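The following account guides a new reader through one structure, step by step. Please keep the sequence and the model in view while reading.

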Amino acid sequence: MTIKTMQSSQTLKVKEILAEAVKRGAADLHFSVGNSPVLRVGGELSTMDDREPITKEFMESFVESLLNDWQKKKLAESRELILTYDFDKNLRFKVNIFFQRGFLSATLRHISLQVPTLDFLGLNPILKELVNLKRGLVIISGPFGSGRSTTVAAMIEEINQTRREYIITIEDPIEYVFSNNKSIIEQREIGSDANTFEDALNYFEEEDGDVLFLEEMSHSALVPKVLEIARGSALVLTTLSASSASNTVARILDSFTTFDQDRVRRLLSSALKAIVCQKILPKIGGGVVVASEIMLVNEAIQSIITSGNISQIDNIIQTSRREGMISFEQVLAELIKKGKISSADAVENSADKKMLNEMME
């Protein structure tokens, strides 16, 4: 996809801003009417004061240049839209378009053309073990902007580099673009390659894929089908917006009525293999670091999910370090001891500040 109707002067201006954002290592770039572009670098916001404030006309022309007729209709109906766009070589961005104060606004996130590896990201080694699973559900959760899709992309690339599998991704929109290595990877985008997530899931079952990546398991109507696939003969990777491993489980179950919960609890307890919940924190000296809580499903976790006593999950994670589990508080305490994050940032991101303080002491 290339820029279509934007005037050449604005095209050049946009490319210059995006190139500068990438050069400065910005995680996000914000366009809003009346303000100069704003970057988020290493967790800190920085205004591009050398750039003119964004105008209403600039935003309208910018959005017009990105969208096809179907996307324009969707934006008009829902008042927000997320897509990926290649502005130029090495300028691939995930673009979140929305309205604020009646004006069009946009947040852009740079997507590397090279899919990152687990080693490059420096994530918990347990993720390499999880991608070796032949079936089951692995959920990567965390708040918005925590790098969930990047982690899943690295997991898919690990499979792609190490074994022969038929991998199908269902995304809206497609972020990282994979090249077949040992595996065959089909990437399907909702709206262009499939009408709905449900249609794409039906296609996966018909194709008998080995690995499924479902962008987000946020639609309750999809959950039972996804769990059945994971209980069958496929490894399912998905993401979910949640603050912890226990909150991830709770979010899935809370989307169902009491009657349906009994069935979903049974399905989830048998299909779920692990939850990796991550947060991105500012690193001392610059940059960021990923803190990941790891929940591996053992008999105790299965029993808790089946019974619905979700509040007990945190205790199991805290006391199961030998099995490979680790809580946010344990991760934060380790990062403090290694001098990677400040105690203030750790406390701010902890759900159990008393326990964290005890660990720090």
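Valine 223 has its place in helix α8, which spans residues 223-231. Helices (H or I, at least four residues) and strands (E, at least two) are DSSP runs, numbered from the N terminus. The model is a predicted one, in which local features need pLDDT of at least 70, side-chain atom pairs count only at pLDDT 80 or more, and totals for chains, interfaces and linings use all residues. Residues are numbered from 1 along each chain as its sequence is written, and side-chain values use heavy atoms, with hydrogens and water left out.

Is valine 223 buried or exposed? Its relative accessibility is 2%, so valine 223 counts as buried; buried means under 20% relative accessible area, exposed over 50%, and partly exposed in between (1.4 Å probe, protein chains only). Leaving aside neighbours within four places in sequence, valine 223 is in contact with Met217, Ile252, Phe256 and Val264, where contact means heavy atoms within 4.5 Å. Helix α9 (residues 245-254) is mostly covered, with seven of its 10 residues buried.

The surroundings of valine 223 lead on to a pair of helices. Two packed helices are described by the angle between their axes and the distance between the axes. For α8 and α10, the packing angle is about 35 degrees and the axes are 9 Å apart. Axes are lines fitted to C-alpha atoms, for helices over the stretch in contact, and angles run from 0 to 180 degrees between N-to-C directions. The crossing of α8 and α10 is left-handed, a term used if the near helix is turned anticlockwise from the far one by less than a right angle, with right-handed used if clockwise. On the α8 side, Val223, Pro224, Leu227, Glu228, Ala230 and Arg231 take part, and they meet Arg263, Val264, Leu267, Leu268, Ser270 and Ala271 of α10.

Strand β12 (residues 272-282) pairs with β13 in the antiparallel sense over nine bridges, and isoleucine 275 stands opposite methionine 295 in β13.

Some features of the backbone remain. Most residues other than glycine have a negative phi, and most peptide bonds are trans. The peptide bond from aspartate 172 to proline 173, however, is cis, with omega near 5 degrees; proline 173 lies in the loop between β8 and β9. Aspartate 208, in the loop between α7 and β10, has a positive phi of about 55 degrees although it is not a glycine. Aspartate 208 is exposed, at a relative accessible area of 53%.

Methods
Pairing = 2+ DSSP bridges.
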